[in-house]
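Q: I am new to this structure and would like to go through a few of its local features. Could we begin with the aromatic residues?

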Amino acid sequence: VHGGDRPGRRFGREPPSTLARAMPRKEEEVIWGAMDTLTVYHHIFLQYLNQTRNVVNEKCSGMEPWQVIASTIAATLLIVKIHMFLFQSESLTSRFKKWFFRFIRKLPIIGYIIKQQIYKTLDEMSAKLPFLQDQKTYLKSLPATGLSQPELLKKMKEYSTSGNVHWEDCKVSGTVYSGDEKLVNLLVKVYEEFAWANPLHPDVFPGVRKMEAEVVRMACTLFHGGP
């Protein structure tokens, strides 16, 4: 005992037995206080719920059942639409900007200016691209009678010689990589072998599937690709 303290009290502390009795009482008071608070909020919630129910019942008192159902469906769809509009991956600001510019473009005077600029650009492109200025006639439907083989070959010759650029002189960059006559004849013979082959059916044309796999493997090997 120090300084005349009573037994069991040192430096203003309660004895262990007193603390053991006091702690459950404090916890009980906290629990009851929390329950009282929840009870108050519960009564407040029920009060507002009853007020809301009375207002809804009053508004719907003169409505028929089908009107109540239709109103409920409409309100649900409206809420879903609002939710989908507000909560998207794209921000509301970005969507508003897009909508605003679409609205501006639909204005008569703005739309007229945009169309004029588009027409001007198309005219400039046509002036720079000679093949758009030709006055040739185009076939727009199947002929009533089929062409004979000489007529068809003549037509193909007409198409192949319609250009004015002589790419055979090797002065056209990035257009034709080889125009060797022997290579052309070889390509024609190769195409003749597989003219009717369909790569979508490797079970019917396994040779085409094998050739395709080999070409892919060759390209991968050029770039040091894996298996």
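Predicted model: local features only at pLDDT ≥ 70, side-chain atom pairs only at ≥ 80, totals over all residues.

Q: How many aromatic pairs does a search of the whole structure find?
A: The search finds four aromatic pairs. In one of them, the ring centres of F100 and F101 are 5.8 Å apart and the planes meet at 70 degrees; since an angle over 60 degrees counts as edge-to-face, that is how this pair is classed.

Q: Turning to R95, where does it lie?
A: R95 belongs to helix 3, which covers residues 92-106.

Q: Which ring does the charged end of R95 sit over?
A: The charged end of R95 is placed over the ring of F85, at 5.0 Å from the ring centre. The R95 side chain also reaches the backbone oxygen of F85, at 2.2 Å.

Q: And what is the nearest side chain of opposite charge to R95?
A: That is E90, 5.1 Å away. A salt bridge requires a distance within 4 Å, so R95, although buried, has none.

Q: A change of topic: how far apart are the end C-alpha atoms of helix 7?
A: They are 25 Å apart.

Q: What is the phi of H224, which follows helix 7?
A: The phi of H224 is positive, near 60 degrees.

Notes. Residues numbered from 1 in each chain as written. Heavy atoms only, no water. Helix = DSSP H or I, 4+ residues; strand = E, 2+ residues; numbered from the N terminus. Expected span 1.5 Å × (residues − 1). Phe/Tyr/Trp six-rings, centres within 6.5 Å; stacked < 30°, edge-to-face > 60°. Lys NZ or Arg CZ within 6 Å of the ring centre and 35° of its normal. Buried < 20%, exposed > 50% of the residue type's maximum accessible area, 1.4 Å probe, protein only. Lys, Arg positive; Asp, Glu negative; His and termini not counted. Polar contact = N/O pair within 3.5 Å; in protein donor to acceptor, adjacent residues only side chain to side chain.
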